[in-house]
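Student: I have a model open on my screen and would like to understand the labels attached to it. Could we go through them together?

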Amino acid sequence: MDLFTNDRYFKKVIFNTLKSMAAGVCIQLPLALILAYLVYRTVRGFHFFQSVYFVPVVISATVIGLMFSLFFNPAFGPVNAFFEAMGWKGMIKNWLTDPGVVLFSVIMPGIWQYIGYHFIILLAGMQSVPKELIESAYIDGANTVDIFFRIMIPNIKAMIQVCVVICLTGSIKTFDIPYLMTQGGPGAESTFLSIYMYKEAFVDSSIGRGTAVAVCMLILALAVTMIVNRIFAFINRND
């Protein structure tokens, strides 16, 4: 309880982690689902797009962290240079030090890296849907959108469930990219539970507090896994 009552940063860290989890579910998974469906419908270049979207997954997190640190550099980074060239002066930010945008800056690279991971899982699920079912839907007058929502999504719910669990639990243990980009700063604006655990245990030499944070991470991971499983079990019962 000391973490919640006497630690001025812990609640902020919890909220940062929850925002990262929400971004993964609301941004990363829908994009992966849409890309998987677009590639599934692709006849020419199927293997090319399949490989291209998966490439970021195999790139080292260290490389991605350093790459995005350069992208968001306020002095010579291409992000601010692009906004300046377009005349959008209001969009120019100190992306890695401004408390208002730094959390977005460290969450986005992780979303970009792991879209391909969920894309491959969902694409494999779509490929397992019987072709006869889709052909029958086309004969009955269904369009592409109908097939996506009424055939694909209901038939790959198990894959979606796996992706949601992986996405949420992965967000809880996010460490490498944010730490490389900002070390959790400024203050605790871009600190997640894993970074906070590391700082408490190995930087401040507070092994007890670091262990307590690790236990909170475990409890949170178990809780979200149980909640997701219950939600999908309820959905399956009502289908």
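This is a predicted model: local features need pLDDT of at least 70, side-chain atom pairs count only at pLDDT 80 or more; totals for chains, interfaces and linings use all residues.

Student: What makes W88 partly exposed?

Tutor: Its relative accessible area is 41%. Buried would need under 20% and exposed over 50%, so W88 falls in between and is called partly exposed. As for its place in the chain, W88 sits in the loop between α5 (78–85) and α6 (102–127).

Student: And how much of the protein counts as buried?

Tutor: 40% of the 239 residues do. The cut-off for that label is under 20% relative accessible area.

Student: What is the volume of the largest pocket, and which residues are closest to its centre?

Tutor: The volume is about 460 Å³. Closest to the centre, among 25 lining residues, are G110, Y114, G170, S171 and T174.

Student: Which elements supply at least two residues of that lining?

Tutor: α2 (10–40), α6, α9 (157–172) and α10 (176–182) each do. The largest share, 8 residues, comes from α6.

Student: How do the lining residues divide into nonpolar, polar and charged?

Tutor: There are 13 nonpolar, 10 polar and 2 charged residues.

Student: How many helices and strands does the protein have?

Tutor: It has 12 helices and 0 strands. The C-alpha trace spans about 65 × 50 × 30 Å along its principal axes.

Technical notes: Residues are numbered from 1 along each chain as its sequence is written. Side-chain values use heavy atoms; hydrogens and water are left out. Helices (H or I, at least four residues) and strands (E, at least two) are DSSP runs, numbered from the N terminus. Buried means under 20% relative accessible area, exposed over 50%, partly exposed in between (1.4 Å probe, protein chains only). On a 1 Å grid over the protein atoms alone, a cavity is a set of points where a 1.4 Å probe fits but cannot get out, and a pocket is an open set with protein on both sides within 12 Å along at least five of seven lines; lining residues have an atom within 4 Å of a point. Grid points are joined across faces, edges and corners, and a volume is the space filled by probe spheres set on the points. Ala, Val, Leu, Ile, Met, Phe, Trp, Tyr, Cys and Pro count as nonpolar, Asp, Glu, Lys and Arg as charged, and the others, Gly among them, as polar.
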